[in-house]
Every structure is written in C-alpha cells, then in structure tokens.
Amino acid sequence: MDKQSSGPKLVDGSRVAVMGGGPAGSFFSYFLLQMAERIGLDVQLDIYDPKDFACSGPKGCNMCGGIISESLVQNLAAEGINLPSTVMQRALDSYFLHMDVGDVRIETPLQEMRIGAVHRGAGPRGSVAKPESSFDGYLQQLAVERGARAVRTKVEAVAWDQGRPQVTVTGGTATTYDLLAVAVGVNSPSLKLFEAMGLPYRPPRSTKTYICEYYLGREVIARYLGSSMHVFLLNIPNLEFAALVPKGEYVTFCMLGHEIDKAMVQAFLNSPEVRRCLPPGWEEPKDFCHCSPRINTDSAVEPFADRLVFVGDCGTTRLYKDGIGAAYRAAKAAARTAVFEGLGRDDFLRFYHPACQMIRADNRIGKLVFAITGLIQRFRFLRRGLWRMVSLEQLKHGSQRRMSTVLWDTFTGSAPYQDVFLRSCHPAFLFRFLWDIILGNLPSGHARRLRRTSL
Amino acid sequence: MSNTLGKLFRDGEMIVRQGEAGDCMYVIQSGEVEVLRRDGVQEFCLATLGSGDFFGEMALFEREVRSASVRAIGEVWVLTLEKKTFLRRIHEDPGLVFKILERMSQRIRKLNDALVRSGQRDLPEAAAARGRGQGTAA
C-alpha cells in the first residue's frame, strides 16, 4: 500500500522561493505552478536572481555551450514549449567529426533540424544586446507568465525560521517560505550560504572548462560551419571533448576535460583540424567573450532536506552533455514531489531522489563511454577504424548506421549513456568496428579512395 | 541557414498520407497545415492547424494506418517525435503526455459540437420526412 506522507505540504497560499533563475530554477517554477494550477492549488512563487538576461556578456549569461539536445527539444515540444526562432541562434541538422585521419559529416537520422544552439544571455560581450534572444530569459518569462514573480536581487543569507527556510536579500529584507528550491549551479558563491545550515548536503565536485565566443559574421559561419556542430577527437592530453557551435554571427568554442588551461586552449586552436573549420589566416581577436565555468564531475550528496531541495547543477546533472535536459528532468521531478507528495525530506527521498539516482547511474556509464572515446583519441589506429566505419555508413544510404548513431548520441547528449554503451556492446557493432580497424589501417588504395571521397 | 527547428515543407507538400503506416507524431513549429480526409472521390478538410499544434498523435496509441492526410499551407516547419523514443520517455515521465491528452480532449469536444450542429441541420429535413409519413412515430 502507498504510504501517505505526514510531513509538510503545499496548501492554498503557500509561498515558494527559488534561488537562481537559470533553466533549472525556471523549469522548477514553471512546472510547479502548472501542476498546482491543474489541481486548483494557489501558490505564490518568487524567483531570486540578480542576473539580467536582457544584457549581453557576463551580466546576463549563465556560462555554458548553449546546446539544446534533440531529446530536450522533443520533450519541450510535447510539453507545448516550442522554442521560438528569436531564441534559436542556429538550428542544427548534423555534426562534423574532425580527426587527424579525416573529417566526416554525420546527419540526423531524419534529416531535420533537431538540435538547437542558443545564447544563454542576450549575446556575447561586445555584441548589441538582444533581450529576446536569451534562452534563460525566455524560460524565466514562461515561469513569469505562469504566475512566478522574478525578483532581480541577490540572496545574502539563508536561515531557518521555526523550521521554515528564510531568505534575506540585499538591503536586509527577510522573507520566510514554505519551500526553498536552490538552483544556483556550481559557479555561484551562493552555495556557501548553506554551509552554516547544518545540512548533510555536500555540493558536487567540479572541473574547469573553457568556453569562448568569436565573431565571424553570418556569411563566414554559413560558408565554413553551416548548420552543423563540429566535434573534435584530438590527441590533446586531458581534453575529453571539444566542439565548435555556430550561433548567429558568432561561433562558440567549448572545451571539456580536466582543468583546462591556456596551453591546452592554444594547442586546440592551432590544431590543423580546427584551422580547417575557420577562414584562412583567421587570428584570434584581442578582445572576445570567454569564461572558464566549472562543470560537475559527480553529484551532490543528499540534495534535499525538509522544505529544501537542490535542483540543476548544484544537485545532480548529466556528465558533460545535456545539462539543460538533466535540469528539466530533475526540476520537473522536484516540482511533482512538492505539489503531489509533500515538502518533507522523506518525500524528496522517495519521489525526487530516484530521478537524481537515474542520472547519477547513467553518469557512471558515461564515464566509461568517455574513457573509450579517450582511447580512440589517443590511438591513431583506432581513429582510422572509427573514421572508416562512420564514412562508409554515411556513404551508404539506408544501411544500419551503428557507429554514426552511437557517436551522435554521445556527442549531442540525445540518448542516455546506458543506451549508447549497450549499442556499442552489440556483437555486430564490435565485429564491424574490428573489421574497419583492420581495413582502415591497411595501406590499400580503397582506404585512400574512401578518404578522398569523404573529404 | 535556419533558426527554426524541424523540417521544412513547401506549399502543397504532403507531410502525412492517409492510409500509410505511421510511427511518429508531429509538432508544428511555424506555419499552417490542413488535415484532409478522403472518402471515395471526395476530399474533406477536417481542420487547419497552426504553430504549436500536434498531429499524427493517434499513431502513438494505435497500430492503425493514418486516418487522414496532412498538407502544408505555405511554408511550414514541422518537428518529428518518433513513437519508440517518445513512448519510452512517456513511461519515464507520464506527465509528458498531459498536453497531448489535453489537445485530444479539446478535439473530442469540438467534434461533439460539430456532431450536434450537423444533427440540428438535419433536424428540419427529418421532421419534414416524418410529416410526409416516411418517419416512424414513437
């Protein structure tokens, strides 16, 4: 029999605070208010975030590569949230895999634009701000249209007030709430506010990444990058993944790995594979928008307590890919728990924690997937085999594209890592890969011809 | 270069054909489509759908062939949701189907209204027929 919780619950007039107005905070607010409305519950919700998404540069940006995965695009469409073309900086229908052994274009299974490239704020530093283009601003606006109140103020302190969370903002005003959702990411100093609250919560461990945006202009972007994401498998130590993402007049460079430093960035930028994607003679501008945000390498310990829940990166997120998709799933699970189950620690443990655990378990497999990708990055003979297998799959229309779909889902974050891993363990996949490793490393005329055709 | 998600269909292009097997549903990202039902030689326009509307959702729940055709009116961008992937997501999060059910419920309501309206239109003729002694009186 289903045990009914005896802990605190949302009732008419309950007050909810959300710290952080990025995707996790906005999704949580949107779904909480939507579900509450469906069951006739009147809840007041305040989103605290000092960021102004109408500003270009760091003032309005939440620092990320800005890729909306295929699965998130579809989930949002099913939710009735269709990302407008003003927010979408570029719809992507393919990706190019660049390696020293060759390049290959991999199309979406249905040849349609299924991935979105967005700016989190209103554009890179130095650009004319376009408030309507901010992805985070758009999501926050959806929550506001549902009835949320956006408070553009910094939270200075969090404390307990007779067992309820109390939020104190700049200027000293303190407000007590029935529930506090924390969605401040892992780059905000706000997480330190929770250290003195006596919680078992421990923030996730993280590593430094590098993201920058260069102005290239629409014509150059169209000519050199097209509607593809460009992914690089380069033998640069500690570099797990690197990509170029075209967005409007800009291109975003994303580098993920372990403690990325300036030398690694320069090695990447100067590699012939990257240079092939840029106009001849392109020089890095002196002034450009760049950041080194931290991203999770694991999950938080106990991201919930009575009347308190951590969502998004400061709770649990997906390893390297589709962080916004993970924020959507976790935020919705937290909102569902708060509306239908209760606000107690046990409620979050029973109904929110499983969603986090699912992401966490998948990340463990993700680490294995990236370890295998790392091996391919290190060994040229493996890259030759991979390149041959993908190239042949792309040349033969209608054939089963085992490697192409595995790579697509790994690099775009469109499917769980478990799916990717299981597909890559299929005997037919392994046999074909082994076969292509052998043939790809033979100095035959066929291999050379194929290389020429694909390039 | 496009800023719109999905696939582009030009004016008059068929997106879905009546009688074909369906394994996906569609969400209109921009533009309009008309839903057409062929009955013998006659073709009826059942509805016109616009941005944000779904079609082909019956394929998610049934194994029947498409019950109607869908044709683009002008340029239309349509996003495909494959049945297999989408059903798996619905199993993980049943709430995902709420919007689709809501839309299907609205369509049933409209259909009921249309049925009542067509019944009312038929009523005078039926009454006249009964008056001529062709109907059966209770």
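Modeller: Let's start with a term: two residues are in contact if their C-beta atoms, placed from the backbone, lie within 7 Å. The model here is predicted, so local features need pLDDT of at least 70 and side-chain atom pairs count only at pLDDT 80 or more, while totals for chains, interfaces and linings use all residues. Residues are numbered from 1 along each chain as its sequence is written, with chains lettered from A and ligands numbered from 1 in the order in which they are written.

Biologist: Thanks! What makes domain 1 and domain 2 of chain A touching domains?

Modeller: By that contact rule, 22 residues of domain 1 of chain A meet 23 residues of domain 2 of chain A. On the domain 1 side, 11 are nonpolar, 10 polar and one charged. Here Ala, Val, Leu, Ile, Met, Phe, Trp, Tyr, Cys and Pro count as nonpolar, Asp, Glu, Lys and Arg as charged, and the others, Gly among them, as polar.

Biologist: Why is strand 11 of chain A called a partner of strand 10 of chain A?

Modeller: Three bridges join these antiparallel strands, and pairing asks for at least two, so they qualify. One of the bridges links A:Thr168 and A:Ala174. Four residues lie between the two strands, and A:Gly171 in the turn has a positive phi of about 105°.

Biologist: What makes a set of residues a nonpolar core?

Modeller: Its members are buried Ala, Val, Leu, Ile, Met, Phe, Trp, Tyr and Cys residues joined through C-beta atoms within 7 Å. Buried means that 20 or more other C-beta atoms lie within 10 Å of a residue's own; exposed means 12 or fewer, and partly exposed is in between. The largest core has 154 residues, and A:Ala330 is among those touching the most other members. Helix 7 of chain A gives the most to this core, with 11 residues.
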